[in-house]
Amino acid sequence: MDFRFTPEEEAFRKELRAFLKQELPPDWQGGGFEADTEAEWQFTLHLRKKLAQKGWLTIAWPREYGGMGASHITQLVYSEEMAYHRAQGVIDIWGVNMLAPILMKFGTEEQKRTYLPPIARAEVQWCQGYSEPGSGSDLASLQLRAVEDGDDFVLNGTKIWTSNAHRADHIFVLARTDPNAPKHRGISFLLVDMRTKGIEVRPIIN
C-alpha cells in the first residue's frame, strides 16, 4: 500500500500554500472566528469569501449543496495547511463545521437547499445557542422553552456565551420542546433568524 499523497493532492497543497502566503499579512499570528476588533472581523469575512469563491470553504461538501465533492484526503490536506498557517479560525466553524453536517444528515431537502448554499458562498454567518446562564453547556438543565404555535415556535428564555451573536445573521439553538420528558430528552434543534422580533443581543464586557 502506498501511503504517499497523490500528485493531485500535492498540487493542491502547493496551490493552497501559495494562496495563503499571498492573502495573509506578513505579521499574521492567527485569528478569525472570535475577532477582537471590527477590522479583524472584516478581514476574516474577506478571506472567508475568497476561500468560498475558490470552492475551498466547503471543499468536501456534495456539489449540489455548494461544495466540490473533494475526497477525505483532500479535505485533510486543506485542514492541515489551514492549521499550519494559523488560518483555521477563518473557516466558518458554526455554519460550515457545526450546522451543515447536521442538516446534511437530518435536515429536510428544503432546509438543505435553503441554508447550505449561502453558507458555502460565505454570504451568511451563524452563531450557536447552547449555553445558558447558571448552567453553561449542561443540557440537562436547559431552560429555554419552545412552544409550538401553528407553523411557528415561540421561544422564551436566555442564552449566554454566544460568540459573534452581534455579528451573526442566524442562530441554531437547543430549546426544550417537551418539559415533561427526562432532562436529556424533549430538546429540539431550531434555526432562528437573528432579526426575529423579540431577540435582544447584550454584550458581556471583559
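The buried residues of α2 pack against α1 (7-23), α3 (72-84) and α5 (109-120). Here buried means under 20% relative accessible area with a 1.4 Å probe, protein chains only, and contact means heavy atoms within 4.5 Å. This is a predicted model, in which local features need pLDDT of at least 70, side-chain atom pairs count only at pLDDT 80 or more, and totals for chains, interfaces and linings use all residues. Residues are numbered from 1 along each chain as its sequence is written, and side-chain values use heavy atoms, without hydrogens and water.

Let's stay with α2. Trp41, Thr44, Leu45, Leu47, Arg48, Leu51 and Ala52 are its buried residues. Gly55 follows α2 and has a positive phi.

Now the strands, which are DSSP runs (E, at least two residues), as helices are (H or I, at least four). β2 and β3 run antiparallel and form a hairpin with 2 residues between them. Val147 stands opposite Val154 in β3. Strands pair if DSSP finds at least two bridges between them.

| Item | Value |
|---|---|
| β2 to β3 | 5 bridges |
| Gly55 phi | near 85° |
| Gly150 phi, in the turn | about 70° |

Finally, the largest cavity is lined by residues including Trp41, Arg48 and Asp92.

Notes
On a 1 Å grid over the protein atoms alone, a cavity is a set of points where a 1.4 Å probe fits but cannot get out, and a pocket is an open set with protein on both sides within 12 Å along at least five of seven lines; lining residues have an atom within 4 Å of a point. Buried means under 20% relative accessible area, exposed over 50%, partly exposed in between (1.4 Å probe, protein chains only).
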